[in-house]
Amino acid sequence: MQNQLEQSFIQIIEDNKDKIYRICKIYAVTPLEPQDLFQEVVIQVWRSLSTFKGKSSISTWIYKVSLNVCYSSKMKLDKSNNNTVRLESIHFALSENTRDKIQKEKYEALQACISTLSEKVKSIIILHLEELSYKEIALITGLSENHIAVKMKRIRKSLLKCITNKLK
Amino acid sequence: MLEQELKDIWKEVKDVWRNSSQTEKINIQMSSLIVELKSKVSQFEKDSIKRDIKTIKTFTSQFEKKSITKDIRKIKSVITKIIEYFNLKK
């Protein structure tokens, strides 16, 4: 049983590491690094996997855990309570596929615009960028599908306006 | 902005988002990660529980001290009243 759980854990982390990292990058604000947040998410997945009941898909669950951990880590940092575990088996290396300057600028504009949003709106837009359906976003955020659909139109418009202004 | 123009920009934003995890290669040594999590996380949790118990103990003992003092004061006052009552009867 334990071995089965460990195998599932390995598979889940391997399959979802990129999406976890994307979320961590958005929430990381100095002195928090995306790598620190990534570790926190991995630890939380490890701690909670045995309690995962399968009511939602594993992917939806991972999004929920990642958003919660990233948000609460920021809160913990605000309270200067940064007792964290450091995992040596996770390494980050600069990819050869380094983006060009324009791509970097575009990402920074996107990041800056997302950071101005409220926590709820931020999680909606992140999940939308991850191409989740309104139904899945509703399941993760606890909002209704209708509410998200209405909100999404407005958020998308204001986000595009913000990005365009930043890139001018 | 035209509808099509908005769609194109949004598509580009989505691409930028999707590629944002490609700047770094995440290398995880899974077997050692499991070993590490088993040792470090449980130790971390033990330490955390110890810290919590210490905090609870400090606050509880402080609360208990105050509560005992309050009770003694009440008992004292009742005894004084009883003594006064008997003194008056004499």
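Reader: What pattern does chain A follow along the sequence?

Author: Reading along the sequence, you get α-α-α-β-α-α-α-α for chain A. This is a predicted model.

Reader: How many helices and strands does the secondary structure come to?

Author: Chain A has seven helices and one strand.

Reader: New topic. Which domains does the assignment give for chain A?

Author: Domain 1 of chain A covers 1-93, and domain 2 covers 96-168. Their centres, taken over C-alpha atoms, are separated by 20 Å.

Reader: How many residues of each domain are in contact with the other?

Author: On the domain 1 side of chain A there are nine, and on the domain 2 side ten.

Reader: Which elements give two or more residues to the domain 1 side?

Author: In chain A, these are α1 (2-27) and α3 (58-78). The largest share of that side, five residues, comes from α3(A).

Reader: What classes of residue are on that side?

Author: The side of domain 1 of chain A that touches domain 2 has five nonpolar residues, two polar and two charged.

Reader: Back to the whole chain. What percentage of the residues in chain A is buried?

Author: Buried residues make up 27% of the 168.

Reader: And what share of the contacts with a separation of 6 or more is between residues 24 or more positions apart?

Author: In chain A, 68% of those contacts.

How values were computed. Residues are numbered from 1 along each chain as its sequence is written. Chains are lettered from A and ligands numbered from 1 in the order in which they are written. This is a predicted model: local features need pLDDT of at least 70, side-chain atom pairs count only at pLDDT 80 or more; totals for chains, interfaces and linings use all residues. Domain bounds come from an automatic or database domain assignment. Two residues are in contact if their C-beta atoms, placed from the backbone, lie within 7 Å. Helices (H or I, at least four residues) and strands (E, at least two) are DSSP runs, numbered from the N terminus. Ala, Val, Leu, Ile, Met, Phe, Trp, Tyr, Cys and Pro count as nonpolar, Asp, Glu, Lys and Arg as charged, and the others, Gly among them, as polar. A residue is buried if 20 or more other C-beta atoms lie within 10 Å of its own, exposed if 12 or fewer, and partly exposed in between; C-beta atoms are placed from the backbone.
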